[in-house]
Amino acid sequence: MRRLFPRSIRRSLGVVVQPDGLALAQASAPVKGCLHIQRWHWLALQDAPKTHQSLLAGWPDPTWLRNARHKAGCQAQDAALSIEDGRLRRFSFTLQSSLHLRDQVKAIEAELTRQLPWSLAGTVWDFHTLPPPDVAALAGQTPRPDWLMAAMQAQALQHVEVLATQRAWVAACEHWCRAAGLWLMRLEPAWQAEARWQQQSSVVSRQTAQGMALHLQARAGGLALGVLAP
């Protein structure tokens, strides 16, 4: 999902909430051609008080997180969280390729109104355009002339993927982050963060995260990178 509150960023923090702990990844923006630098921390929850907010049941108390991340050396305040699968709805819609952005939004809103189990007013959503199937199949094959690629892309229809979640849950996440001294910049599913990590990890300076599973390291690392370079 796009940045909720875009602004100039030098450090970012990826946060993954697990039943037994928090996976944190801090990334620093490149300076003068240097690589992204990332550091990971695992904060166990066995001694952490739980928050009493109903929408975030089981999450740690934000004051504890504020103190714990400072002790761990996490200075970043611009954060990204992963959306729980049970709170996310994913759709694929087909739109006319000639529609302007405003008309695309209206068409997507109409579809969401019909398909969501909750009201559109209580929804936060985002979308991106999928490449035409024929063009995607040609990726990595023998280069085609520009005029042929342009003709193939000039489809009468375009396909978009839409991600949606409930606004009340997003507001609860924002409140939790503010109480923990963080500024929520992004919310996205785990698979999206992990895919970003796989794409960008070759140009990232990394250290091994002790006590953290590789998939959590990739997830938290991808979240942090998404704040710096969506």
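Contact, as the word is used here, means heavy atoms within 4.5 Å. The structure is a predicted model, in which local features need pLDDT of at least 70 and side-chain atom pairs count only at pLDDT 80 or more, while totals for chains, interfaces and linings use all residues. Residues are numbered from 1 along each chain as its sequence is written, and side-chain values use heavy atoms, with hydrogens and water left out.

Not counting residues up to four places away in sequence, glutamine 158 touches Phe93, Thr94, Leu95, Gln96, Ser97, Gln104 and Thr129. Its place is in strand β7, residues 157–166; helices (H or I, at least four residues) and strands (E, at least two) are DSSP runs, numbered from the N terminus. Glutamine 158 has a relative accessible area of 13% and is therefore buried, a term for values under 20%, with exposed meaning over 50% and partly exposed lying in between (1.4 Å probe, protein chains only).

Strand β7 belongs to an open sheet of three strands, ordered β5-β7-β6 with antiparallel pairing. The edge strands, β5 (89–96) and β6 (123–130), each pair on one side only, and the twist from one strand to the next averages 30°. Two strands count as paired if DSSP finds at least two bridges between them; β6 and β7 are joined by eight. Within this arrangement, valine 124 stands opposite threonine 165 in β7.

Two helices lie across these strands. Helix α2 (residues 101–115) lies across β5, β6 and β7 and runs at about 130° to β5. Helix α5 (residues 167–179) lies across β6 and β7, at about 60° to β7. For these angles, axes are lines fitted to C-alpha atoms, for helices over the stretch in contact, and angles run from 0 to 180 degrees between N-to-C directions.

A nonpolar core is a set of buried Ala, Val, Leu, Ile, Met, Phe, Trp, Tyr and Cys residues joined through side-chain atoms within 4.5 Å. The largest has 29 residues, of which Leu13, Leu81, Trp169 and Trp176 touch the most other members. Elements giving two or more residues to this core include β1 (11–18), β2 (21–28), α1 (62–71) and β4 (78–83), together with α5 and β8; α5 gives the most, with six residues. Leaving aside neighbours within four places in sequence, tryptophan 169 is in contact with Leu55, Leu56, Trp59, Ser82, Ile83, Glu84, Arg87 and Leu187. A second, separate core of 18 residues includes Ala25, Met185, Val227 and Leu228.

Leucine 184 is placed in strand β8, residues 183–189, and is buried, with a relative accessible area of 3%. Its C-alpha atom and that of leucine 81, 103 residues apart along the chain, are separated by 7.7 Å.
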